[in-house]
Amino acid sequence: MAKAVQFDQYGDIDVLEVRDVPRPVPAKGEVLVEVKAAGINPGEALIRHGVLHDRWPATFPSGQGSDLAGVVVEVGDPGGRTGVADFAVGDEVLGFSLARSSHAEFVAVPADQLTIKPAGVSWEVAGSLYVAGCTAYAAVRSVGLKAGDTVAIAGAAGGVGSIAVQLAARQGATVLGIAGPGNDAWLREHAAVPVNYGDGLAGRLKAAAPGGAADAFLDFFGGGYVALAVDELGVAPERVDTIIDFAAIEQYGVLGVGSAEASTAAVLAELADLVAAGELEVPIAKVYPLDQVRAAYRDLEERHTRGKLVLRP
């Protein structure tokens, strides 16, 4: 038996339970990983609340979690035609589950959803890189940033935003990071211009932008930022991406590019190598033991943390 997070119905954090479940058995082409760290993400909370039922319905009892890092303890049919050739027992890996199953002590995942963890990357960072990292990677790529562009990023200090800020700056863009004043210093340290949210935001963004205009906008927060980008800043819809405001995608014709567009082991390996080289920071806000999953999500859903919250089984 092994412990795993499950819930039997949509609801608040009180529906989350840590249960004893059968230890997974890897099928052909799969690897069984003993999880050392697994990040948590806002999308998982929205799924649990039932907000995304029409897009991503849950089947009960539902597991939870996509991010993972850990140690390979078993490979499925290693000698077979569809067996695993790239990983061996004892390998340290990071990757992702598409079956909502990584918030657990053990998880079986297809081998092509894993990559070797660089030695210089901590378990906490490796285990929280997939959703935030691949989402940021895809979003930055989607708006076609080039040197000299100006991009505004809403939710710039969050798990996704903090990575997107750095990736956008690597493209040579001027980055306007929208966040609370407590994040000003961190944003400046990561080559972004901090712009505090609140009344009069459009005016502050124009004042901070070279030439008084933004070329692109990334929305990782929701709550009207797409409308601000298009209606008040005049950003072309094809250069606005939101990962959360689905109604605005329909209304304004903006992009809705997220992690699905960059969910490959190759992208994850590229990001992990940047972390190992000291060229990308993944801020870790707090680490919780698996049995405190409710407290972790309570913290997450207050939406004021800088960086990632992580579970450690």
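Modeller: Let us begin with aromatic pairs. A pair of aromatic rings is described by the distance of the centres and the angle of the planes. Rings of Phe, Tyr and Trp (its six-membered ring) pair if their centres lie within 6.5 Å; planes under 30 degrees apart count as stacked, over 60 as edge-to-face and the rest as tilted. By this rule there are 6 aromatic pairs here. This is a predicted model, in which local features need pLDDT of at least 70 and side-chain atom pairs count only at pLDDT 80 or more, while totals for chains, interfaces and linings use all residues. Residues are numbered from 1 along each chain as its sequence is written, and side-chain values use heavy atoms, with hydrogens and water left out.

Biologist: Why is the pair of Phe7 and Phe60 edge-to-face?

Modeller: The ring centres of Phe7 and Phe60 are 6.0 Å apart and the planes stand at 65 degrees, so the pair falls in that class. Phe7 lies in the loop between S1 and strand S2 (17-21), and Phe60 in the loop between helix H1 (42-49) and strand S4 (67-75), 53 residues apart. Helices (H or I, at least four residues) and strands (E, at least two) are DSSP runs, numbered from the N terminus. Ring pairs also join Phe7, Tyr10 and Phe60 into a cluster.

Biologist: Is Phe7 buried or exposed?

Modeller: Buried means under 20% relative accessible area, exposed over 50%, and partly exposed in between (1.4 Å probe, protein chains only). Phe7 has a relative accessible area of 1%, so Phe7 is buried. Phe60 counts as partly exposed because its relative accessibility is 35%.

Biologist: Which charged end sits over the ring of Phe246?

Modeller: A charge sits over a ring if NZ of Lys or CZ of Arg is within 6 Å of the ring centre and within 35 degrees of the ring normal. Over Phe246 it is the charged end of Arg55, 4.0 Å from the ring centre. Arg303 lies over the face of Phe221, at 3.8 Å from the centre of that ring.

Biologist: Which residues does Thr115 touch?

Modeller: Contact means heavy atoms within 4.5 Å. Leaving aside residues up to four places away in sequence, Thr115 touches Phe87, Glu92, Val93, Leu94, Ala265, Leu268 and Ala269. Thr115 belongs to strand S7 (residues 114-116), and Thr115 counts as buried because its relative accessibility is 13%.
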